[in-house]
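Subject: Structure for your review

Dear colleague,

My notes on the ligand site and on the backbone follow it.

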Amino acid sequence: MTNIGFIGLGNMGSPMAANLIKAGHHVTGFDLSADALAAFKAIGGIPASSAIDAVIDADIVITMLPAGKHVDAVYCGEGGLLTAAKSGTLFLDSSTIDVETARKVASAAADANMLMMDTPVSGGVGAAIAGTLTFMCGGSDEAFAKAKPILDVVGGNIIHAGASGTGQAAKICNNMMLGIQMISVCEAFAMADALGLDRQKLYDISSKASGQCWSLTTYCPVPGPIPTTPANNDYEPGFATAMMLKDLRLAADAAKAVGVNTQIGQKAKELYEAMSEAGLDNKDFSAYFEFMSQK
Ligand code: NAD
């Protein structure tokens, strides 16, 4: 049994904390939302009155917060976690944030004699509930060895990407591929419609040919070929357009900062921005198919 502090008990944090509790760990949690804290108590968690209270006795702390500014404030702001935890505590930030903030916070953690890894996830709420998330971990071998047994409880694939910040780098590179590929699949189905090619036939052929990718064979953006996808449920997320846009903005900022020309990634960001401006933030990102068909 490990004493775990958990900060950020939202859509992702709540099921992750639930799996840690089910596995017999002692989980003390905090969220700014009273509703989230009450739900956490109902599943057997120990609610704390502040973020600091949640980490004082922890051996490992997991944070699952919206964005880099929240992570920076919670760790390094006035009365931040790094000043409150005992020396040697392992911090795992599973939020999706920019590489620069991840490295800044990890460096502050090292200065405070703490261990820290960026451990963003892929898989969404379904995988968080099932305990099958993929974790992309950036930090030292020592931190990874200590983190792995706990992350095994909440994840299916735990991969050490390299030094601090490389977990976030992996996350934004992966999601840039995903965002681009989804648009390419939507465009191909729109072309098929216009050229008189049956959607199911395109699926049958391309899922066995060189166009095959996750956006086609796991998350097909048109109704029919895969009955469980958001396309068959009025594009309810799934993975919301707002989330994809957040990740593509992180990718675009990172590309600019390191001087890499990601033209198609940039274009994909603009296309999801157009969806967002059309009020589709809370629709699944595969709704790009409907969005482009209406224009
Ligand atoms: P969410 O908004 O549901 O949860 C975030 C929680 O953090 C909220 O409950 C909020 O009240 C809490 N919070 C914010 N500031 C806080 C503070 N200072 N102290 C304590 N609690 C605070 O978001 P989510 O969907 O759980 O996503 C969390 C992170 O995981 C994001 O970075 C997101 O990009 C990433 N992510 C989400 C998904 C997904 O499918 N939802 C998939 C992969 C990664």
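The shell around the ligand holds 20 residues, and those that come nearest are Asn 11, Met 12, Asp 31, Leu 65 and Lys 246. Please bear in mind that this is a predicted model.

At Asp 31, an N or O atom of the side chain is 2.6 Å from an oxygen atom of the ligand. For Lys 246, the distance from a side-chain N or O atom to a ligand oxygen is 2.9 Å. Met 12 takes part through its backbone, where a polar atom is 2.9 Å from an oxygen atom of the ligand. The ligand taken alone exposes 820 Å², of which the protein buries 84%.

As to its location, the ligand sits in the largest pocket. Among the helices, H7 (124-130) and H12 (241-258) each provide at least two shell residues. Sorted by class, the shell comprises eleven nonpolar residues, six polar residues and three charged residues.

Two points of backbone geometry also deserve a mention. Most residues other than glycine have a negative phi, and most peptide bonds are trans. In this model, the peptide bond between Pro 237 and Gly 238 is cis, with omega at about 10 degrees. Gly 238 lies in the loop between helix H11 (214-217) and H12. Asp 234, which is not a glycine, has a positive phi, near 55 degrees. Asp 234 is likewise placed in the loop between H11 and H12.

With kind regards

Technical notes. Residues are numbered from 1 along each chain as its sequence is written. This is a predicted model: local features need pLDDT of at least 70, side-chain atom pairs count only at pLDDT 80 or more; totals for chains, interfaces and linings use all residues. Side-chain values use heavy atoms; hydrogens and water are left out. A residue is near a molecule or strand if one of its heavy atoms lies within 4 Å of it. A polar contact is a pair of N or O atoms within 3.5 Å; within protein, one must be able to donate a hydrogen and the other to accept it, and residues adjacent in sequence count only if both atoms are side-chain atoms. Accessible areas come from the Shrake-Rupley method with a 1.4 Å probe; for residues, only the protein chains shown count as cover. On a 1 Å grid over the protein atoms alone, a cavity is a set of points where a 1.4 Å probe fits but cannot get out, and a pocket is an open set with protein on both sides within 12 Å along at least five of seven lines; lining residues have an atom within 4 Å of a point. A molecule sits in a cavity or pocket if more than half of its atoms lie within 2 Å of its grid points. Helices (H or I, at least four residues) and strands (E, at least two) are DSSP runs, numbered from the N terminus. Ala, Val, Leu, Ile, Met, Phe, Trp, Tyr, Cys and Pro count as nonpolar, Asp, Glu, Lys and Arg as charged, and the others, Gly among them, as polar.
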